[in-house]
Amino acid sequence: MSATLVKTPSTAPPAEPPPRIVPTRRTGQWTAAGAVLVLLALALVSVVRNKAFQWDVVAEYFTSASVLRGLGLTLWLTGLVMVLGFVLGTLLAVLRLSANPVLRAVSWGYVWFFRSTPILVQLLFWFNIGVLYPQILGVNTVNLLGPVAVAVIGLTLHEAAYAAEVVRGGILSVDRGQIEAAQSLGLGRWCRLTRIVLPQAMRAIVPPAGNMLIGTLKGTSIVSVIAVQDLLYSTQLVYHRTYEVIPLLLVATLWYVAVTSVLSVGQYYVERHYARGTAGAR
């Protein structure tokens, strides 16, 4: 009798299910975020419901004629100072990068001096220029410069020192090979600067320049010490008459916040424009 071998099919072990990904619990982060939101809400409610802020007075003077005139002067002063400051700052940056040691020293000395002295001191010196130099080249300087002219000159010279470093940093960020390629094409120095270097340097110049613009907007409030009727000085004139200090300061604060927010949005789109084609575009 022969035995018959029966093959039993081999059973493969069952496949293990794929591991389940469990998200990390961030209980502490969400708790902290909730606590911060609660505190912010309580602070906002306390500010809105606090009668000492006199929100009715804020609403009354927010769009008053004197405040709007001061706001207009602040915006005009900010724009003019930024344009003049960057024109002079660009010239100083080019001199700083010059091969001429005298030009480099003069540019470095200018930046060193105006960054080392407070803007208030500079404004007061220019305001009293008639006392220091009653005549310059035969011109009587006692009543030559009014408060607005002093503000423009003082702020421009101050901003130019910072703009020079911003522009210089932007120029240095351009790859040296780009400049050498422009030289090989026979482009002149001015053409290289305006056609090759500055357009590429704008990616590095725009972010700090935007910060400077916002800083200049708020920094113009310092001209109130020389009786320039900017936004802050206009509100001061009102509360010196009505003694409603807090609501008038809130008027100025809200206008500064509103204009700064608009400038921040504009800075975002300008940065995105110059970041096209790079990893920083978004």
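**View 1. Helix α10 and the residue after it.** Y243, which comes after α10, has a positive phi, near 65 degrees. Helices here are DSSP runs of H or I with at least four residues, strands are runs of E with at least two, and both are numbered from the N terminus. The model is predicted, so local features need pLDDT of at least 70 and side-chain atom pairs count only at pLDDT 80 or more, while totals for chains, interfaces and linings use all residues. Residues are numbered from 1 along each chain as its sequence is written, and side-chain values use heavy atoms, with hydrogens and water left out. Helix α10 spans residues 231-242, has 12 residues, and reaches 17 Å from its first C-alpha to its last. That is close to the 16 Å expected at 1.5 Å a residue, where the expected span is 1.5 Å times one less than the number of residues. Its buried residues (under 20% relative accessible area; exposed is over 50%, partly exposed in between, with a 1.4 Å probe and protein chains only) are L231, L232, Y233, S234, T235, Q236, V238 and Y239. They pack against α2 (55-62), α3 (65-96) and α11 (245-274), contact meaning heavy atoms within 4.5 Å.

**View 2. Helices α2 and α11.** Two packed helices are described by the angle between their axes and the distance between the axes. The axes of α2 and α11 come within 9 Å and cross at roughly 55 degrees. Axes are lines fitted to C-alpha atoms, for helices over the stretch in contact, and angles run from 0 to 180 degrees between N-to-C directions. The two helices α2 and α11 are therefore oblique to each other; angles under 35 degrees count as roughly parallel, over 145 as roughly antiparallel, 65 to 115 as roughly perpendicular and the rest as oblique. From α2, W55, V57, V58, Y61 and F62 meet P247, L248, L250, V251, L254 and W255 of α11.

**View 3. Helices α4 and α7.** The axes of α4 (residues 101-116) and α7 cross at roughly 125 degrees and come within 9 Å. These helices, α4 and α7, are therefore oblique to each other. The crossing of α4 past α7 is left-handed. On the α4 side the contact is made by Y110, V111, F114 and R115, and on the α7 side by L157, H158, A160, A161, Y162, A164 and E165.

**View 4. Salt bridges at E165.** A salt bridge is a side-chain nitrogen of Lys or Arg within 4 Å of a carboxyl oxygen of Asp or Glu, and the count by this rule is 2. One joins the side chains of R96 and E165 (3.0 Å, N to O). R96 lies in α3 and E165 in α7 (residues 147-172), so this pair ties together parts that are 69 residues apart in sequence. In the other, R168 meets E165 (3.0 Å, N to O). R168 and E165 are 3 residues apart in α7, about one helical turn.

View 5. L157, in helix α7, is buried, with a relative accessible area of 18%. Leaving out residues up to four places away in sequence, L157 touches L88, Y110, F114 and W126. L145, in the loop between β2 (139-140) and α7, is partly exposed at 28% relative accessible area. Beyond four places in sequence, L145 is in contact with W126, I129, V150 and I153.

Definitions and conventions: Left-handed = near helix turned anticlockwise from the far one by under 90°.
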